[in-house]
Amino acid sequence: MPAHTRTQKTGTFQSTLLGQARAVRLVPIAMACAVASGAFAQTAGDATGTPAAPPETTLAPVVVNGQVSETATSPIDGYVARRSATGTKTDTPIVETPQSISVITADQMQAQAVQTVGQALRYTPGVIGEQYGGLDTTIDYFVVRGFPNQFPYIDGLSTETFFTLLAPAYDPYGLERIDVLRGPSSVLYGQNIPGGMINLVTKRPTEEPVHEASFGIGSYGDVDARVDIGGPLTHDGTLLYRFTGDASTTGSQQDFQTDKHVYLAPALTWKPSADTSFTLLSHFSYRNSSDPTVNLPSQGTLFEGPNGTRIGTNTFDGEPDFNSIRRTEEAIGYEFEHRFNDWLTVRQNLRYTHVKLDEEVVGNAGLEDDGQTIDRYGFAAEASSNIFTVDNQAEFHFDTGAFKHTALVGIDYVHSIDQWAENDATSVPSLNLYAPVYGAGPIVLGGVDYSVEHHVDQTGLYAQDQIKFGKLIGTFGVREDWARTSEFDRIAGLTDQNNDSSRFTYRAGLVYLSDTGLAPYVSYSTSFQPGLGNTFDGAALKPTTGQSVEVGVKYQPAGQKSFAMLSLYNTLEKNVVEPDFDHPDGNFVVQTGAQRVKGIELSGVADFGAGLSVTAAYTYMDGVVASSDQGFAGNQAPNVPHHMASLWADKTLQGGPLAGLGFGGGVRYLGPQYGDEANDVKMASTTLFDALVHYDIDHWRLSVNAQNLFDRVYANCQSTNYCSYGLRRSVIGRATYQW
């Protein structure tokens, strides 16, 4: 099976639809500021032209007991975040944002000993963090409110490429927090799935010194070493630095699978004044891994195989001597901010990312009639991705009578070039999955038979106004995107796909802040994803569109470190891409599908004091294939279990001879779900338990975590021939020293 077909089966075709704008030039940030300043001076006053008195800005740091208060990117002490910029692109209290937002803090990730972003999302409402069971550590597959994706945002900037295997697998140790915004977000970010987005917020230089080093060992021969240091470089604090590093080698429950990984992230902040800051953010990662077996047949994993047997969870369907993924990623960018006065602040966020991939893979091409032996495909590929993205913003604070405004206007731009060249194998021996014998024959590669280059350009112009009137807050936003996508066939030497599109998206929401801490809200928002590709008759794909209405209530009591939320939503996605069964040989698609997901989410997180932190979540979802020319209409939507629930608690003893000793644990429940639109593959419910014991003494923290404590064996399938076992029990011990 060629790699491009394989990646489409994992959802890439829908999740990587990008676009390009025609003849759009980025406005230099200085010119934008000058124009905005001149225009605003004529309008932000009374009828006589006298400027209105500048209101207090929400971005100004509030000093309490000599320390700066929490911001949308600052370190968070504990599990409870109060602010986020993901939902509005402004530093806004979460309770004031008219959409559902969850934040996984660095403290929570440390307590749960997460190794991947997917693991960090395990206790988040409405999210399946490990769509394929978590065995594949090279890519993070996640599902938000029933809609799958593989491309998180990093610091508010897109990472999306056409090929799934070029997606980032970001090291969670390099993150300050993970923001989960549920519901459409295209009004601020452009192309996106209607279920929501994952935004990874990286660690930044801090004014307070940071010094931490740790060493961990775990199941399957896992070993890793980490370091996180930072603080002021100068006495006056105008230069700050941060360096985060992680090096690891891990094994797996599968035979012949290893993962060697290095992650380095230097960062530097220059603050020449209280009104100006420039933060350089960069990271480098290298991964040399074995390709995990995630395409076993459902017969023998999800269902019983011949004679009532099951394929072993350690079974590897490839070839040990032809099995590697070598991936290098380099990224550099910056965040610039200048505050002109009390009512105008400008920002520019920019990043360039280069990814290089070399891969050799043998995998399952189909189960033979004996129910034990699989035919196999093989290929070797070289691929690369270059992504440039920039976001220019101007934020205004002003009053019009009793209305207080936080207005945002911006223009962002994404340019990417992806390349993939592949040699498919002409001969690969079959394999008995119940008695595998490797090396039965050579892997014979032909010449390059698939070589493409994708070009993407997308420009978005957006505006947003957050209006406060007493205890009522309205958030209104509009955006226009211009997109162009093209595919160049490098073998034939011609461009075989070209697609131009534009799309208008918007959001409107209201929040009421009561004196009790309750904040009911309502919102309506839309999304889109530009199409890349053609149908069998040559017609260009239309943009996939989404719309969602959401109502709920948030609760954040004053003087307490806790946050609770209840939300109800109804999301519809149209122009969904489906396989073209009438023309199966060309991997063609039709665009006749629609999916609707209705749901309820209830969640809470609290730091109760006395060393006790708790998170809890419950999700109900009703997903249906709303329309389909393939006969799937009325079926339960894939990746949409009716019920999900989780609970995590961590308690540290505060006094007595056992002071510093702590215990924690959690339970995760995922209800039955289907892996395909045809509803041929149904997965049973799964309940998993995690446990933690830790001890803090002097500068040391010693911890032991167990994941899937009772070693539950389960399988996750996306088709009858694409199944993977979930992660079995693993134990991780870690010693961390801070100075």
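Strands E23 (residues 472-489) and E24 (residues 494-512) pair in the antiparallel sense over 18 bridges. The model is predicted: local features need pLDDT of at least 70, side-chain atom pairs count only at pLDDT 80 or more, and totals for chains, interfaces and linings use all residues. Residues are numbered from 1 along each chain as its sequence is written, and side-chain values use heavy atoms, without hydrogens or water. Strands are DSSP runs of at least two residues, numbered from the N terminus; pairing requires at least two DSSP bridges between two strands.

Valine 478 stands opposite tyrosine 506 in E24. Four residues separate E23 and E24 in a hairpin. Glycine 493 in that turn has a positive phi of about 75°. E24 also pairs with strand E25 (residues 518-529), in the antiparallel sense over five bridges. Here alanine 508 has tyrosine 524 in E25 as its bridge partner. E24 and E25 form a hairpin with five residues between them. Its turn contains glycine 517, with a positive phi of about 95°.

One disulfide is counted (cysteine sulfur atoms within 2.5 Å). Cysteine 717 is joined to cysteine 723, S to S 2.0 Å. The link is right-handed, with 115° about the S-S bond. Cysteine 717 is buried because its relative accessibility is 0%, where buried means under 20% relative accessible area with a 1.4 Å probe, protein chains only. Cysteine 723 is also buried, at 0%.

Serine 724 lies in strand E37 (residues 722-725). Serine 724 counts as buried, with 0% relative accessibility. A polar atom of its side chain lies 3.4 Å from the backbone oxygen of tyrosine 132. Beyond neighbours within four places in sequence, serine 724 has contacts (heavy atoms within 4.5 Å) that include Leu135, Thr293 and Tyr714.

Conventions: Buried < 20%, exposed > 50% of the residue type's maximum accessible area, 1.4 Å probe, protein only. Polar contact = N/O pair within 3.5 Å; in protein donor to acceptor, adjacent residues only side chain to side chain.
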